[in-house]
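I opened this notebook to record what I looked up in one structure. The entries follow the order in which I looked.

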Amino acid sequence: MRLFLILVLFSTTIITAIGQDDDNDEISSYPNDHVFYNFKELSGVEYSLSSPYHTMHTHLENLEDDNYHENVSAQAFSQEHFSLKERKKLAVELKLIYTQKSIYLNSQDLPLEKNYIDPKSRTKRYSISPRLPNIYLEKQKNGQWKYSVYSTNQIHELFTETYPSFARELVVYTSSLQQSKGRIFGIKLWQWITISGVLLVSYLFYVLSFWFTKQILQRILLKFKKEQFAKIVLPKLRRPIAVALLMIIWYYITPFLLLPSDVAYVLTIFIKAIFSFYLTILFVHAADLLVIRIGYFSNKTKAVDANLLPILRVIFRIIALALGILATLYSYGFDITHLITGISFGGVALAFAAQDTIKNFIGSVMLFTDKPFEVGDWIVVKGQEGIVEEIGFRTTRIRTFANSLVNIPNGSMSDSDIDNLGKRQYRRFKTYLTIPYGTPTEKIEMFIKAVKKAVEDHPTTRKDFYEVRLNNFGASALEILLYIFFECRDWSEELQSREYIMLKILRISESMGIEFAFPTQTIHIAKDDNDEADATEID
């Protein structure tokens, strides 16, 4: 039985190996496998067109300074539709386009498969770069990979769009001088001179930009009373802006230097790294300046609570760093759309997992923004009444009048009805002054006038609206309505004002001989017909 299983496995392995296409061989092959990749020789130079990798190397490597063979490079283009002269010219122009677009062999992940199939179009094509969607390699009927006829027809038009008219002839001419001597560290003398000149101009630009912003622009802004912009914005932004502009200039100048591919590739990476670094710094400084600006306006208009500024600074810095990272990845050719989509889905998942925390955080922001109450206010919320002690990022602490401490999540606070008694401009005091029935009318009128005068003379009462009126015939006494308001800052001051007016009223009643009535009831007790009915008054 074991022998049978071994035979079956061995047979399956052989059949699978025989039935496999050339891809397995390709996986085990190497770029310099002359037999497998069908290397050919032209003018003493070996080349291959058996895969996208070999075609790209045939095209570009044979246009390098130390390996300049136009005839070999032209083999990457269709011989049936274009002459040798046209193919040489197109090869040079396409390489210059690649250089300007920062597309180098070192930065390309070129497939070695002979029968490579594009995963999107499911055809035997290889697109060079998303930045050049019309340029792609295509497998020919003879098994060779070459630039498609459609792509080849687009090269000259792309070249004229890429390089301005005044620079085209110069770039083509300098690219034809690839075999000249006089190199230092692999770079020609004219290239060293050009690089030195660009470095000198860059240094002068950097120095002049600092001098201009400090000596001229800053003074102009101060003259127009833009002190905040002159003293805060300019010092923070001038360095990152100057360096970022220089890196942009260097990025567009580098293709015109026609440096060797490996040197240009390293220089481009270096330029992108510096640009991305200072662009991120620029984003962070801009975020800080935005918070400073918001704080400046909030000091005038009180539109934003000062406690919200640290939260805004953290949020804006995180956004700035995220934008800097995305810009860096994009500058290096990464497809950030998938990353943004992943971040979006991750953010949704995180929001579901920590929805209570996020809700409380957003509630904190809303509380700081809307400012329904402040520390020290007397509020009533969710059945709790007390003095606000602390407004945190997650909860608000309330000290109740029983001296207990209540923590309420800010998410719930922002969704609840909040009665802020501490924001009252006036504290209402409503009571009834009861005087006995039988009090002379003249005394009642004099008493009411005296109470009104006491209200007018009180230091904290509202003078434009109050009521002291004989209001009701009560069950046991005449009722005088006392309806007044105190202008107080807190509850203790309110109690003090109440005490003052109440003592004043008591003194008025004593001086007038008016007594305040107690609640009384009269009970009539029925007796026999021979006895008189008695009436008893109970206080």
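**Entry: a pair across two strands.** I started with K139. K139 stands opposite W145, a residue of β7. I kept in mind that this is a predicted model. Next I looked up the strands around this pair. Strand β6 covers residues 132–139. Three bridges join β6 to β7, and the two run antiparallel.

**Entry: the sheet around that pair.** Which strands form this open sheet, and in what order? I found three, in the order β5-β6-β7, with antiparallel pairing. The edge strands are β5 (125–129) and β7 (145–147), and each of them pairs on one side only.

Entry: I noted α3, which lies across β5, β6 and β7. The angle of α3 to β7 is about 50°. I noted helix α5 as well, residues 84–100. Helix α5 lies across β5, β6 and β7 too, and runs at about 130° to β6.

**Entry: S48.** Is S48 buried or exposed? Its relative accessibility is 2%, so S48 counts as buried. The cut-off for buried is under 20%. I looked for a polar partner next. A polar atom of the S48 side chain lies 2.6 Å from the backbone oxygen of Y37. Then I listed contacts, leaving aside neighbours within four places in sequence. S48 is in contact with Y37, N38, F39, H54, T55 and T58. Y37 therefore turns up in my notes on S48 both as the polar partner and as a contact under the cut-off of heavy atoms within 4.5 Å.

**Entry: a five-stranded sheet.** I moved on to another open sheet. Five strands form it, in the order β13-β12-β11-β10-β14, and the pairing is antiparallel. Its edge strands are β13 (405–409) and β14 (418–420), and each pairs on one side only. From one strand to the next, the twist averages 40°.

**Entry: β10 and its partners.** I followed strand β10, residues 378–381. With β14, β10 pairs in the antiparallel sense over three bridges. I wrote down two facing pairs here. I379 stands opposite N420 in β14. V381 stands opposite I418 in β14. How many bridges does β10 have with β11? I counted four, again antiparallel, with β11 spanning residues 384–391. W378 stands opposite I387 in β11.

**Entry: the largest pocket.** I looked up the volume of the largest pocket. About 1500 Å³ of space lies in it. Which residues are closest to the centre of this pocket? Of the 40 residues in the lining, they are S129, P130, R131, G333 and F334. Strand β5 was already in my notes as an edge strand. Helix α10 gives the most to the lining, with seven residues.

**Entry: T280.** I stayed with α10 and picked T280, which lies in this helix. T280 counts as buried because its relative accessibility is 15%. Which backbone oxygen does the side chain of T280 reach? I found that of S276, at 2.8 Å. I listed contacts here as well, leaving aside neighbours within four places in sequence. T280 is in contact with L321, G324 and T328.

**Entry: the whole chain.** The chain has 16 helices and 19 strands. It has 539 residues, and buried residues make up 37% of them. I also looked at contacts between residues at least 6 apart in sequence. Of these contacts, 58% join residues at least 24 apart.

How values were computed. Residues are numbered from 1 along each chain as its sequence is written. This is a predicted model: local features need pLDDT of at least 70, side-chain atom pairs count only at pLDDT 80 or more; totals for chains, interfaces and linings use all residues. Side-chain values use heavy atoms; hydrogens and water are left out. Buried means under 20% relative accessible area, exposed over 50%, partly exposed in between (1.4 Å probe, protein chains only). A polar contact is a pair of N or O atoms within 3.5 Å; within protein, one must be able to donate a hydrogen and the other to accept it, and residues adjacent in sequence count only if both atoms are side-chain atoms. Two strands pair if DSSP finds at least two bridges between them. Axes are lines fitted to C-alpha atoms, for helices over the stretch in contact, and angles run from 0 to 180 degrees between N-to-C directions. On a 1 Å grid over the protein atoms alone, a cavity is a set of points where a 1.4 Å probe fits but cannot get out, and a pocket is an open set with protein on both sides within 12 Å along at least five of seven lines; lining residues have an atom within 4 Å of a point. Grid points are joined across faces, edges and corners, and a volume is the space filled by probe spheres set on the points.
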